[in-house]
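The sequence and the structure come first, and the description follows.

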Amino acid sequence: MQQYDYILVGQGIAGTMLGWFLQQAGQQVLVFDDARPASASRTAAGIINPVSGRRFETAWLYDMIYPFAGKTYRAMENALQISCFHERDIWNVWPSAQMRDAFAACPTPYSQQPREIRYAEELQQPFGAGIVKGANVQLGALLPAWRKTADVRTEHFDTEKLVLKEEGVEYENLRAKAVIFCEGVESPRNPWFGKLKFLPNKGEALIVALPFETTDIIKKSITLVPLDNERYWAGATFSWDYADAAPTAPARETLENQLRQLLKTDYQVLDHLAAIRPSGPDRRPMAGLHPRFPQVGIFNGMGSKGCSLAPWAADVLVKNLLQKAPLPPEIDIKRYFNALR
Ligand SMILES: Cc1cc2nc3c(=O)[nH]c(=O)nc-3n(C[C@H](O)[C@H](O)[C@H](O)COP(=O)(O)OP(=O)(O)OC[C@H]3O[C@@H](n4cnc5c(N)ncnc54)[C@H](O)[C@@H]3O)c2cc1C
């Protein structure tokens with residue numbers, strides 16, 4: 001029998017962050033990930049936006065979780081010898097005079113009025129624009145780089161083969177203290193966690209070529225994130241009502257309409273992506289061990305904010321697993337089990 005401290009199922013941003021902090025704490029970790037191409041983390045642009053809504057409210061816990069996320073991504077960049085964390089201006093093109101005025105009326109530490117207009121030749125912006133200080137994480141660089149250095153098996157994990165013992169778990173010839181499921185949209189089918197409330201939603205995005213370059217994120221009803229060589233990620237749609245995870249013609253039409261309303265230039269669609277965001281009804285992470293079967297745990301519910309939430313939530317989950325530090329009640333899965341009673 002091969003002995004590990006923890007087995008993780010899934011290596012999206014959730015499994016990667018949990019694996020990273022467990023490794024940092026000296027734990028032996030084995031990860032199973034079946035590497036499906038259309039996972040949320042393999043589709044997302046990794047935007048970190050401090051404000052949201054019509055009142056530009058600062059995101060939940062942002063003042064604490066953003067510096068922590070930045071520190072974590074920088075440490076991973078160093079350890080893995082990659083570049084993946086990019087602090088960027090988010091150039092918000094106002095769709096109306098009301099939004100422009102609301103931005104001016106609701107200042108935050110992250111918002112700025114531009115000194116001069118950018119992209120006069122490239123964008124239609126009759127109501128002007130505002131700057132929000134944000135970032136993006138290139139998950140396409142981070143996830144494969146961590147995977148190379150960690151003990152990751154490109155294999156499907158079959159819950160039917162998992163045996164819960166008094167002290168830990170057995171899976172084929174493996175033994176561990178616990179299995180933590182970081183399996184994204186698969187969790188509703190998980191035998192131990194399937195009864196938790198999930199509210200997944202589908203997102204679609206395009207990869208487009210545009211005839212200009214920038215380091216900014218450009219945002220209107222569609223968001224453009226620079227990739228490389230005049231290629232941009234352009235997304236995303238949001239839908240609770242979907243048949244499957246495949247790209248759809250109506251979503252492409254919506255995205256192209258939004259592009260045409262934003263751009264003065266031509267564009268070329270290079271690719272069309274789609275995935276399901278693993279979300280809960282309260283849009284907070286779901287973390288912790290099962291109250292009756294502490295040999296299994298879950299780390300999920302990142303919703304549309306995996307890149308800002310996962311580093312902090314993984315760190316507190318590791319402190320909970322190793323030092324029995326209490327989990328913040330907003331992310332502790334006890335909130336669901338208490339409601340099920
Ligand atoms: C179109 C779109 C745009 C988005 N944009 C952003 C954004 O800009 N910023 C942001 O922060 N978030 C964004 N998100 C949300 C973000 O993608 C999610 O919050 C995050 O990726 C969820 O990560 P996860 O690790 O929980 O799940 P996933 O990324 O789904 O990872 C789960 C992993 O588990 C594996 N797996 C599942 N079951 C098994 C099994 N039984 N055995 C082996 N492997 C298994 C899968 O292959 C997968 O690799 C976006 C999402 C979408 C769809």
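For R36, a side-chain N or O atom is 3.3 Å from a ligand oxygen. A polar contact here is a pair of N or O atoms within 3.5 Å; within protein, one must be able to donate a hydrogen and the other to accept it, and residues adjacent in sequence count only if both atoms are side-chain atoms. On its own the ligand has 1000 Å² of accessible area (Shrake-Rupley method, 1.4 Å probe), and the protein covers 97% of that area.

The model is predicted: local features need pLDDT of at least 70, side-chain atom pairs count only at pLDDT 80 or more, and totals for chains, interfaces and linings use all residues. Residues are numbered from 1 along each chain as its sequence is written, and side-chain values use heavy atoms, with hydrogens and water left out.

## The shell around the ligand

The ligand is surrounded by 39 residues (a heavy atom within 4 Å), and D33, D34, S41, I47 and G303 are the closest. By class, 17 are nonpolar, 13 polar and nine charged. Ala, Val, Leu, Ile, Met, Phe, Trp, Tyr, Cys and Pro count as nonpolar, Asp, Glu, Lys and Arg as charged, and the others, Gly among them, as polar.

The element α2 gives the largest share of the shell, four residues. Helices (H or I, at least four residues) and strands (E, at least two) are DSSP runs, numbered from the N terminus. The ligand lies between domain 1 (2–42 + 142–198 + 281–340) and domain 2 (201–277), because both give residues to the shell. These bounds come from an automatic or database domain assignment.

## The chain as a whole

The chain has eight helices and 21 strands. Its C-alpha atoms fill a box of roughly 65 × 40 × 40 Å along the principal axes.

## Backbone details

The peptide bond from G235 to A236 is cis, with omega near 0 degrees. A236 sits in the loop between β18 (231–235) and α6 (249–262). N229, in the loop between β17 (223–228) and β18, is not a glycine but has a positive phi of about 40 degrees. Most residues other than glycine have a negative phi, and most peptide bonds are trans.
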